[in-house]
Each structure stands twice: as structure tokens, then as C-alpha cells.
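Q: Can you walk me through the packing in this one? Start with how you use your terms.

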Amino acid sequence: MTWRILLFVPAIAVGIGAFIWINGSGPEPATGNGARPLVPVRVTQVVLEPVTVSVTGYGRVEPVRTWQGISRVDGQIIATTDALAVGGFVQAGEVIIEVDPRDYEIARDRALANLAIAETELAELNAQEENTAEQLALEQQIEAVIQADVDRRASLVESGSTAIASLEQAQRDLIAQQRQVLDLENALALYPVQRQSAEATLASRQVDVEEAERNLANTKIVAPFEGRVLEETASEGVYIRPGDQLLTIAGIDVVEIVAEVQPAAMSDALSLLIPDATDVISRFNPFETDAAIKALGAAGISATVVLSQGSEYRYPARIARLDGSVDNTTGTVGIVVEVQDAGRPDPATRRPPLTNGAFVAVLFHGLTDEAQAVVPRSALIEEEGSAYVYVVDPDSRLQRRAVTIAGRSAGDMVISSGLASGDTLVLTPPEPAIIGTFLAPVPDENAREAQDVLQ
């Protein structure tokens, strides 16, 4: 029985060969209405153009500068601005809190009165010095006259023309005058010392006035810049003391975000934007912040902050610096970006303000010099060191195409060679993917977004 079964093997082999020959060289099988069976696949048109390379980081909005209102005086709060509430906006120069100033006005007036007394005493001293100097000059002239009279009487005594008693009286008058001149000279010599004391007193009174005016000015707490109130602990009627913290204001003119990104993703972006500058790429080191910022600048990378609140709102940003650290858990590095005037509502664009603590995405993006293609990662097949995609040929058949990968951007693959503009890329190959299969291409409306992630 076994050898009889073997007689059927040649007949079966001939039948299989005939079937393969018919299906390989004959016409395509037809459906019931005579049309070829078509396999539907999602496709997109390949476009070669400069590619927007992007890396996404995430972080929270923080103010670049904050200010704490701390009391420098004690007293009762008698008035506050209506904006003194968490979330309220205050303008630069706006009086936020006012403390009862009466005690400090009295202290200022007293200091001003003491200053006026010191100024008067100094002016009186100067006048006395001037008068003493004039009196001294007059007494010195009198002394000179008496001295001349003594000399004349001495000559007369020597010639015997007058009595010696007359000379002695003139000498006594000269001594008395000399004593008066000496007293005035001594009094005049004391004036510089008295002036120093009076000037020191005047300076002390001036300091008292300045201190009183500063204390009076400190009864009004004024916003140093435009900002949003983050914290407040003050209200009318409350008694405060020096050192009490009353409020905190965050500036809204500039905000910053520390965007956490993967160093590998940024290196991939740099390799796409500057493919022949490996030295620049190697300098992207979070601990060498200046070199890393220069690398980003050389690659032409700019930043855009994206806020999602139902809709997406975009804010142009400036790359400021790296924070110089690596997160031990995620391995990310922080790139600090700044946004100007994002803390204010923008009626023109209807963008909401970037408020403190808001979670945002930061897109770091640049444009390649060369035209390339972008394909979704799912459309690329990699095996044994090579890569290929499926395309639709002019006869609507499935075709395999070898490609060269330039890098990765925003989860998509950038292809430097193997594809041409106008090629129809297959996004969902049939299963199994048999070369030559007739296809029914279905355009994918979302696939075009892979070409430019910022549009």
C-alpha cells in the first residue's frame, strides 16, 4: 500500500507547478465584475524641503524677579489698594499699603525745627566771628597809634623836653591796648573750633530730618514695578511692626521657564542642523553652559513656548542659559528660556497671560539647510543595518524603496536620500506586504503634519 501512495506524488507536483506558472505569468484574477482586487492603504505625498527640526521640553512658568513688601515702620494700616489680593495686578509706583503717618509727621516737624535752630546758631557764630575780626582790626589800629605816641614821648624824654611820667603813662596805655588786642585774637582763634562743633550739630540735625522723612516715606509701600500679587497678609486696621512681611509681587514684564529636555534629543537635532560639525555637537554639555548656548546659536535654534488651555497659544521666547544640572531621575537638562511681556493679557492676539506656575511646553526648533523628507516612524522598517519604506509605483503597485536616515525630529524620521518629491509613501503597508500588490491609496490628512511640526 505504501508504494501505491507514492504513485500520486508526481501528479501532485505537476499540478502545483502548473498553478504557480498560471498565477505568475497569466493575467490578474478578476473579481465578479471583472476588476482587479485592490488593497486599501493610507498614503501621503512625499515633499522634499528644508525640515523644521524640533525638540520639546516641559517646565513651569516662573517670574524672573519677585519683590517682597516688608514693613520698615510700625503703625496701623489706614488704606490699601483694591488690587491687594492674590492674583491682583499692581502698577509701578502704585501705593499698595498706607500706614498712619501722623507720628512720623510730628517727628519730621521736630527734626526740621531742630535743624533750623542749628542753622541759626551756625549763622550767629559766623556773624560773631566776622564782628570780632573787624573789632580786632580796629583795636590793632589803635595799638599802632599808641605805639607811635610812646615812641614820640621816649624821644622827648631823651631830649629833656618832657617828663618821664608822661612816657610811663603812654606805656601803660599801650600795654592795656595790647591786652585788648590779645583777647580779641584769642577769641577769634576759638571760632574755627566752635564752627566745627556747630557744623557737626547741623549735620546731625540734617541726618535726623532725613531719617524722619525716610520713616514718613516708609509709611507708604509702593510697587517697584508692574506685577501680580502672589501673597498678601495685610488689611486695613491691622497694626504692623518693622520686619513684618506684607505681600509678594511677581514681575510680569519677563517670565522664564526651565524646560527639561533629553540631551540625546538635542544632540540629534544638532546633528541634523549642523551635520558636519561634530565638535559643536560634542560641546552641548549641561555643565559647560556657555559652549552649549553657542552650539544652539550656531545651529540657528530658537524657542517657542506653547500653552494648552483648550486651544494652543504660542509665545516667542529667548534662550537665556542652561541651569547647569542634570536631573538624577529623568536624565534631562534644563534650558532656561525667557518670554517678554507674556504676563500681560494680549488683546491683539487674545492670548492669555503666562501665569506663575503654569505648565507649558517649549519647542526648540531650527530649519535644515538641505531639502529632506520627513516620514512617520511607523512607516520606516529597519533590519540588519538597512532601512526601507514602501511606496506606490505609477501602476498602483506596492514597491519597496531603500532610504538613508539622517536623524530624528519630534518622533518622526528625517530621510536624506531614497525618496523624491511626489513619491507616494505608504503609511500602512498591507499584511502580508507582497511586492507588486495592487493598491487603493487613501490620502492621510494628518500625515502632512510630520513635515512641519510648527504649522
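A: Buried means under 20% relative accessible area, exposed over 50%, and partly exposed in between (1.4 Å probe, protein chains only). The model is predicted, so local features need pLDDT of at least 70 and side-chain atom pairs count only at pLDDT 80 or more, while totals for chains, interfaces and linings use all residues. Residues are numbered from 1 along each chain as its sequence is written, and side-chain values use heavy atoms, with hydrogens and water left out.

Q: Fine. How many helices and strands does the protein have?
A: The protein has 7 helices and 22 strands. Helices (H or I, at least four residues) and strands (E, at least two) are DSSP runs, numbered from the N terminus.

Q: And what percentage of the residues counts as buried?
A: Of the 455 residues, 35% count as buried.

Q: Aromatics next. How many pairs?
A: The count is 2 aromatic pairs. Rings of Phe, Tyr and Trp (its six-membered ring) pair if their centres lie within 6.5 Å; planes under 30 degrees apart are stacked, over 60 edge-to-face, and the rest tilted. Y58 and F359 are stacked, with 5.9 Å centre to centre and 5° between the planes.

Q: Which strands do Y58 and F359 lie in?
A: Y58 is in β2 (residues 49–63) and F359 in β15 (residues 359–375), so the pair ties together parts 301 residues apart in sequence. Y58 is partly exposed at 44% relative accessible area, and F359 is partly exposed at 47%.

Q: What about Y388 and Y390, stacked or edge-to-face?
A: Y388 and Y390 are edge-to-face, 5.7 Å centre to centre with 85° between the planes. Both Y388 and Y390 are buried.

Q: Which charged end sits over the ring of Y388?
A: That of R400, 3.5 Å from the ring centre. A charge sits over a ring if NZ of Lys or CZ of Arg is within 6 Å of the ring centre and within 35 degrees of the ring normal. R65 also lies over the face of F225, at 4.1 Å from the ring centre.

Q: Switching to the largest nonpolar core: which residues touch the most other members?
A: I301, V305, V337, V339, L354 and F364, out of 37 residues in that core. A nonpolar core is a set of buried Ala, Val, Leu, Ile, Met, Phe, Trp, Tyr and Cys residues joined through side-chain atoms within 4.5 Å. Elements giving two or more residues to this core include β2, α5 (263–273), α7 (289–298) and β15. The largest share, 5 residues, comes from α5.

Q: What is V305 in contact with?
A: Leaving aside neighbours within four places in sequence, the contacts of V305 include I257, Y313, V337, V339, L354 and V360. Contact means heavy atoms within 4.5 Å.

Q: Now α7. Which residues are buried?
A: A291, A292, A295 and L296. Seen down the axis of α7, these fall within an arc of 140°, so they line one face of the helix. The arc is that of the directions from the helix axis to the C-beta atoms. On the other side of α7, D290, K294, G297 and A298 are exposed.

Q: What follows α7?
A: G300, whose phi is positive, near 70°.

Q: Last one: T424, buried or exposed?
A: T424 is buried, with a relative accessible area of 16%. T424 is found in β21 (residues 424–426). Apart from neighbours within four places in sequence, T424 is in contact with V43, T44, Q45, Y390, V391 and V392.
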